[in-house]
Amino acid sequence: AVTALEPIELVDALPFVLDEPFPHFWRAEEPSVTSGYLLVLHADPAFLRPRQVAEPVLYVGSEVAERLNTAQGSGNLIALVPAPLDASGEVDLDPTAVPIWFGPPDLPERIDAARVRSELAAALRLGVGPAPNPKALCRGGLTQTLFAHDRSELELAIADLIERYSPAESSLVESLRVPITR
């Protein structure tokens, strides 16, 4: 069941496509991610507070979203949402058209596809819909897909989003920009 009909606003959206996949550890099956969206969502910062125990699971459509920052002081949460590519090679997700909500507290890595379907059905029964502010895509990225080699390169874009939308998290931004030696 939906934890709360906490208002969530879609602030920005950036589609991405990667050459090298990475596992989506925020789902029990750990599906391989090669494309999706980076979303900037605004909500009450107290609701977004990170926890070391079960927390309200963030869902976007039929997927568990990975929280990438704490939204400290800003109320702007950056989230990664895996999505496949359609036949034309575009990311097959319209973040302005799918429900975005917080489900009951749990550890996201325990959520499987069947549970996601169940939570989506429950959210729809309660009237949860898309987050307001479809203008986000005009500022964001629907017209500009980010192409990156791998998760490490994607993290540079994540750092840019956190720096722009949650500037108090400068330590996180710095850590995401540290070069990886191979």
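Trainee: In the open sheet of three strands, what is the order?

Mentor: The order is β4-β3-β7, and the pairing is antiparallel. Keep in mind that this is a predicted model.

Trainee: Which strands stand at the edges?

Mentor: β4 and β7 do. Each has a single partner strand, so one side of each has no neighbour in the sheet.

Trainee: How many bridges join β3 to β7?

Mentor: Five, with β7 covering residues 100–106. Between β3 and β4, which is residues 63–64, there are two bridges.

Trainee: And what does Y59 stand opposite?

Mentor: In β7 it is W101, and in β4 it is V64. V60, for its part, stands opposite E63 in β4.

Trainee: Is β3 mostly covered or mostly exposed?

Mentor: Mostly covered. The strand spans residues 55–60, and six of its six residues are buried.

Trainee: Moving on to the core. Which residues have the most contacts inside the largest nonpolar core?

Mentor: I8, L39, L41, L58, V60, L93 and I100, in a core of 23 residues. At least two residues of this core come from each of β1 (9–23), β2 (32–42), β3, β6 (76–82) and β7. In general, nonpolar side chains in soluble globular proteins tend to be buried together.

Trainee: Take L39. What is it in contact with, leaving aside neighbours within four places in sequence?

Mentor: V60 and I100 are among its contacts.

Trainee: Where do V11 and L38 belong, then?

Mentor: They are in a second, separate core of 21 residues, which also includes L154 and L176.

Trainee: How many residues line it, and which lie nearest its centre?

Mentor: The lining has 14 residues. Nearest the centre of the pocket are W26, P50, R51, E55 and R67. E55 also falls within β3, the strand of residues 55–60.

Trainee: How does the lining split by class?

Mentor: Seven of the lining residues are nonpolar, three are polar and four are charged.

Conventions:
Residues numbered from 1 in each chain as written. Predicted model: local features only at pLDDT ≥ 70, side-chain atom pairs only at ≥ 80, totals over all residues. Heavy atoms only, no water. 1 Å grid on protein atoms, 1.4 Å probe; cavity = no way out; pocket = protein on both sides within 12 Å on 5 of 7 lines; lining within 4 Å. Nonpolar A, V, L, I, M, F, W, Y, C, P; charged D, E, K, R; others polar. Buried < 20%, exposed > 50% of the residue type's maximum accessible area, 1.4 Å probe, protein only. Helix = DSSP H or I, 4+ residues; strand = E, 2+ residues; numbered from the N terminus. Pairing = 2+ DSSP bridges. Core = buried A, V, L, I, M, F, W, Y, C linked by side-chain atoms within 4.5 Å. Contact = heavy atoms within 4.5 Å.
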